[in-house]
Amino acid sequence: VEVCNMAAVRALNPKAEVARAAQALQLNINGAKGLQEVLRTNLGPKGTLKMLVSGAGDIKLTKDGNVLLHEMQIQHPTASLLARVATAQDDITGDGTTSNVLIIGELLKQADIYISEGLHPRIVAEGFEKAKEKALKVLEEVKVTREMDRDTLINVARTSLRTKLSPEVADIVTEVVVDAVLAIRKPDQPIDLHMVEIVEMQHRTDTDTSLIRGLVLDHGARHPDMMKRVNDAFILTCNVSMEYEKSEVNAGFFYKSALEREKLIEAERTFTDDKVKRVIELKHKVCNGNNRGFVVINQKGIDPISLDMLAREGIVALRRAKRRNMERLTLVCGGVAMNSLDELSPDCLGKAGLVYEHTLGEDKFTFIEGVDNPESVTVLIKGPNKHTLTQVKDAVHDGLRAVKNAIEDGSVIPGGGAYEIAGYVSLTSSEFMSTIPGRAKYGVKAYAEALLVIPKVLAQNSGFDPQESSLKLQDEYSTSGQIVGLDLSTGEPMIPADEGIWDNYRVKRQLLHSCTTIASNLLLVDEVMKAGMSSLKG
């Protein structure tokens, strides 16, 4: 049948490339190995950076597996499949991309040893399934359920961020990220990370990244006479056009003299002026006799004449704000966003302690701070150049996700390779092995060995001997029964709980599911046909 099959493809398409059973498997395993080699050195806080240079010469320095896989141009079919799995991992849980690729690569590598001895891939895959079920049970045993207070969250975020940034920046970003999530968190509601605005400012250094308990808008007031700094301000958020508009239909004006023309224009103009006057009246009503500021933030345009009227009354007006920011504004300073100026009342105003404009080169930023109880906050990322900003920004995204995951899981997993060691020991234990029928044991064995890739690579990246470190951890765990991870500064076993090294529970869970599935799928491929349209052209 196989010969016919091959011949059949050839008959339909003489240029088709067909890789047969052993060859196809080799193709898949090599692809996974290759990608694993690239990402191997990135794992963990001691991992190295990769420098990506695009065709246009843009430079990106990154350690984040997800960014790497997105940016690399991957030709190999298997490798691109892995890259997709890893990015899916990132979309679902926000972290664990590097580990994902490492584990899949290792699963295939270990399986290859047995398959080359003539074991059928299907049997290995069955072993993988059994091992996965056991590994998930171990995960449940290892997880620590605890109250997610600020310290725990900081430890979780730090564990994630240290693998992406240098330690001093990571520690600053950790605090920022945790406080941001705690500020927008509402009891009994899912956390909406969109309520954390991320603004980049290219100056100073990356250690100046900070959390603004309020909002930063990426544009300033449009009129030179408006105040640059307003204390104790009322804030009116509205979505009303305050500009002189032509009528929708093409209407012609007929007039006999210039005077009549003036009258026509005036009538058109009063329509816009009325709106502006309403705002001014409201300002007089609430700011009468006290020197509180008044700020109007409008989603639509405000034309120069209206701006001038507002400026004369000492009102600061911002036009064309982003829609997302309008949602955040009412969360930050209270008040209601108005869609028409007919129902203006003091109740619809928000309040802020300080509104000021900050000019940076060509760009202006408006800061809204001093808010009583913000339900939306801004992470202000600073850095000397583009790639630093990008690196910190990617890390902030991951950090926010890590904190959110921890809060939603209500539990964490000891880090530093601790879970993998516990998994390995229980998978290779004779009690578990005796429950596995026949040759599927080899699959379980391969799976257990593959889990060890994480602690081994962590050790290797920190300059220790991978075999020795992993054995030390296994011995320590077997003798004391205490869950131990690898201390990356000494290469000795340590207790992650004492050091505050925690991983996300759902990241690990997702890892086990996706790696097992994809590795099994790749093992069971016995034919790769490259018979697309492209090969018909030549």
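Trainee: How many helices and strands does the chain have?
Mentor: This is a predicted model, so local features are read only at pLDDT of at least 70. Both element types are present in the chain. The secondary structure comes to 20 helices and 18 strands.

Trainee: What is the radius of gyration of the chain?
Mentor: Start with the reference. A compact globule of 538 residues would be near 24 Å. The box around the C-alpha atoms is roughly 100 × 65 × 40 Å along the principal axes. The chain itself has a radius of gyration of 30 Å.

Trainee: What share of the residues is buried?
Mentor: Buried means under 20% relative accessible area. The accessible surface of the chain is about 25,400 Å², and carbon and sulfur atoms hold 50% of that surface. Of the 538 residues, the buried share is 52%.

Trainee: What share of the contacts joins residues 24 or more positions apart?
Mentor: Count contacts with a separation of 6 or more. Among these, residues 24 or more positions apart account for 76%.

Trainee: How far apart are the mean positions of the positive and negative charges?
Mentor: The chain carries 65 positive and 74 negative charges. Take the mean position of each set.

Trainee: Which residue of β14 is the bridge partner of T145?
Mentor: Strand β14 covers residues 411-414, and β4 pairs with β14 over two bridges. The sense is antiparallel. The partner of T145 in β14 is S411.

Trainee: Which residue of β11 is the bridge partner of R229?
Mentor: β8 pairs with strand β11 (residues 350-360) over six bridges, in the antiparallel sense. Strand β8 covers residues 229-238. The partner of R229 in β11 is Y356.

Trainee: Which residue takes a positive phi in the hairpin of β11 and β12?
Mentor: Seven bridges join β11 to the antiparallel strand β12 (residues 363-369). One of the pairs is L354 with E369 in β12. The hairpin has two residues between the strands. With phi near 60 degrees, the residue is G361.

Trainee: D188 has a positive phi; is D188 buried or exposed?
Mentor: Phi of D188 is about 60 degrees, although D188 is not a glycine. D188 sits in the loop between α8 (167-184) and β5 (196-201). The cut-off for exposed is over 50%. At 82% relative accessibility, D188 is therefore exposed.

Trainee: What is the relative accessibility of D232?
Mentor: D232 also has a positive phi, near 50 degrees, and is a residue other than glycine. D232 is found in strand β8. D232 counts as partly exposed, because its relative accessibility is 38%.

Trainee: How far in space is G94 from A402?
Mentor: G94 lies in the loop between α4 (77-93) and α5 (97-115). G94 is buried, with a relative accessible area of 1%. Leaving aside neighbours within four places in sequence, G94 is in contact with Q89, D398 and R401. G94 and A402 are 308 residues apart in sequence, yet C-alpha to C-alpha the distance is 6.9 Å.

Key. Residues are numbered from 1 along each chain as its sequence is written. This is a predicted model: local features need pLDDT of at least 70, side-chain atom pairs count only at pLDDT 80 or more; totals for chains, interfaces and linings use all residues. Side-chain values use heavy atoms; hydrogens and water are left out. Helices (H or I, at least four residues) and strands (E, at least two) are DSSP runs, numbered from the N terminus. The radius of gyration is taken over C-alpha atoms; the globule rule is 2.2 Å times the number of residues to the power 0.38. Buried means under 20% relative accessible area, exposed over 50%, partly exposed in between (1.4 Å probe, protein chains only). Contact means heavy atoms within 4.5 Å. Accessible areas come from the Shrake-Rupley method with a 1.4 Å probe; for residues, only the protein chains shown count as cover. Lys and Arg count as positive and Asp and Glu as negative; His and the chain ends are not counted. The place of a charge is taken as NZ of Lys, CZ of Arg, CG of Asp or CD of Glu. Two strands pair if DSSP finds at least two bridges between them.
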